[in-house]
Amino acid sequence: MKTNHPHLLKFVADAAALCRPDAIHWCDGSEEENRRLCNQAVAAGTFIRLDEAKRLNSFLVMSDPADVARVEDRTFVCPSDPREAGPNNNWRDPVELKAAMRKLYDGCMRGRTMYVIPFSMGPIGSPIAHIGVELTDSIYVVVNMRIMTRIGDAVLKALGDDGEFVECLHSVGAPLAPGQQDVPWPCNAENKYISHFPEDPSIWSYGSGYGGNALLGKKCFALRIASTMARRQGWMAEHMLILGLTNPAGEKKYIAAAFPSACGKTNLAMLEPTLPGWKAECVGDDICWMKFDDSGQLRAINPEAGFFGVAPGTSMKSNPNAMRTLHSNCIYTNCALTPDGDIWWEDMTDEPPAELLSWKREKWTPDSGVKAANPNARYTAPARQCPVMDPAWEDPAGVPISAILFGGRRPATVPLCFEAPSWQYGTFLGTIQASETTAAAAGSVGVLRYDPMAMLPFCGYNMGDYFAHWLSMPGRAPNARMPRIFFVNWFRKGEDGRFLWPGFGDNSRVLKWIFERVDGTADAVESPIGLLPAPGAIDTAGLNVPDADMAELLSVDAGAWLQDLPAIRAHYAKFGDAIPAILRKELDDLEARLQAAAR
Ligand code: GTP
Ligand code: SPV
Ligand code: MN
């Protein structure tokens, strides 16, 4: 036995008694174990091994078409008091939900192996890191968790005999009768539950094998459960990328940015600045844990060890550093297969291949009229393979954050960038953040929804209380120095429907303005919504954007903002009394400024 941890042994024994797997395997996290599991998944028809010369030690997986994204309507947050969960979460009585789920788990791993995955969110042993143990009947989950987190014996050792861990139970919900042939992607499409019990804390996931539904360290632990811990303990668990930006003089600042799912975090985290002399380095692309240090500086770690990145749209043009990360040791989910054993997705190359096997395992040609890769196709890649990882990306002390960005897909109204003059107003801007929905979650795409701080699907408690937690942060440490808050929008469209801003590497031009605002060297002009770049303050040298587009990108249409106000008020109304009064006052003041400007 590898551990004497009584609580862990009981967790495993109880789950095994309930789920009744044929075998239990404690994952050590080794290369050898990984190789064995991948070979087993190839033999089972779940993994397709890619051509070794093109993508060494890499595999393609095609999921059940009914299991391709996070399922927000099947995600539950279950404190005993529903008020705690808030209107932003689906709540169930924890006792009743556990009873119902126990019935589903009863015998659910028959014919399968239960894998025990001890994992660390954050560098093993770091004072900021937290440990979880995921029990799963999916090899796909094991090999993905091995890339996305730190797993295995080293974590068990850090846990010792009495360390704390979050219990994570996962099953695809597809037991096998004796002799029954398995399917490539077992799941229980009609009966998914992604349940969180913050008071335990524990996570019970059933029925889905995909991404955030099944890799429980990510959204379930590092955001939903961690946000409740952060609130109690005075830190922040956020859906943010972290990047380091160095100016031509060699000065460096770290920036965090909260954009909703599939709205550009991975791309910004790895950007190649088009501005000469500027350097960007990646700390993380999805999740950010921030704590004050003794001097009152907010410092951030990336609790993950890999990227679960949106594949479609990723190319040498849009995100060369992601492409350079994908040479080996990756898992590709719902991408298309080329005849020579490589992967492909929409916009990877200018010319699509003449023939492919689509993510639905069907023969595909450019005339097929359907997408070859699923819009939420993903690559799972080790962060250490990314050529622009920041030297401090695994520093247990974290990196100091100078600026926080909010943003999303806003085809109209919201300018390219602007600055909040205070933490309080910046927090207010975060609470009215909205974006068009994307394929990252099941449901409709392209519908504008309010997604405060990009955390609507990930906040593990009442969002009104979450806003209050943000407002309380400056008082959480003596001499607290808060990052400056900015709002950005890469997705503004012209009347003809094209993006007005080139985005990607050219976003460095906006980052430069932000960097220099923090330094006090860039100019801004006041507007009813905040501080806008002064004319000429965004460096457009060598950029091919017409002056008229630039002017539109940096304009504030008070009338258009006023048209949004009823929707913002309706959004606030959903949270009732939980919305801090200070934020209502900020909203009233904004309305008054807009009305004055519109007159
Ligand atoms: P999650 O992993 O779901 O949290 O997504 P993410 O926020 O990391 O989004 P990602 O960077 O993967 O981008 C998603 C999509 O947005 C991709 O199709 C990108 O090509 C596109 N995108 C990213 N940055 C830009 C940009 O600056 N401009 C435009 N027009 N599109 C962008
Ligand atoms: C997101 O949807 O924000 C993701 C992908 O990062 S998933 O891991 O599926 O949540
Ligand atoms: Mn994400």
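**Aromatic contacts**

One aromatic cluster is formed by Phe406, Trp423, Tyr461, Tyr466, Phe467, Trp470 and Phe575. Rings of Phe, Tyr and Trp (its six-membered ring) are paired here if their centres lie within 6.5 Å; planes under 30 degrees apart count as stacked, over 60 as edge-to-face and the rest as tilted. The model is predicted, with local features requiring pLDDT of at least 70 and side-chain atom pairs counted only at pLDDT 80 or more, whereas totals for chains, interfaces and linings use all residues. Residues are numbered from 1 along each chain as its sequence is written, chains are lettered from A and ligands numbered from 1 in the order in which they are written, and side-chain values use heavy atoms, leaving out hydrogens and water.

By this rule there are 28 aromatic pairs. Tyr105 and Trp204 make an edge-to-face pair, 5.8 Å centre to centre with 70 degrees between the planes. This pair links distant parts of the chain, 99 residues apart: Tyr105 belongs to helix H4 (residues 94-105) and Trp204 to strand S10 (residues 202-206). Helices (H or I, at least four residues) and strands (E, at least two) are DSSP runs, numbered from the N terminus. Tyr105 and Trp204 are both buried, meaning under 20% relative accessible area, against over 50% for exposed and in between for partly exposed (1.4 Å probe, protein chains only).

Tyr425 and Phe428 form a tilted pair, at 5.6 Å centre to centre and 35 degrees between the planes. Both lie in helix H11 (residues 423-431), three residues apart, about one turn of the helix, and both Tyr425 and Phe428 are buried.

Charged groups also meet rings: Arg74 lies over the face of Tyr193, 4.6 Å from the ring centre (NZ of Lys or CZ of Arg within 6 Å of the ring centre and within 35 degrees of the ring normal).
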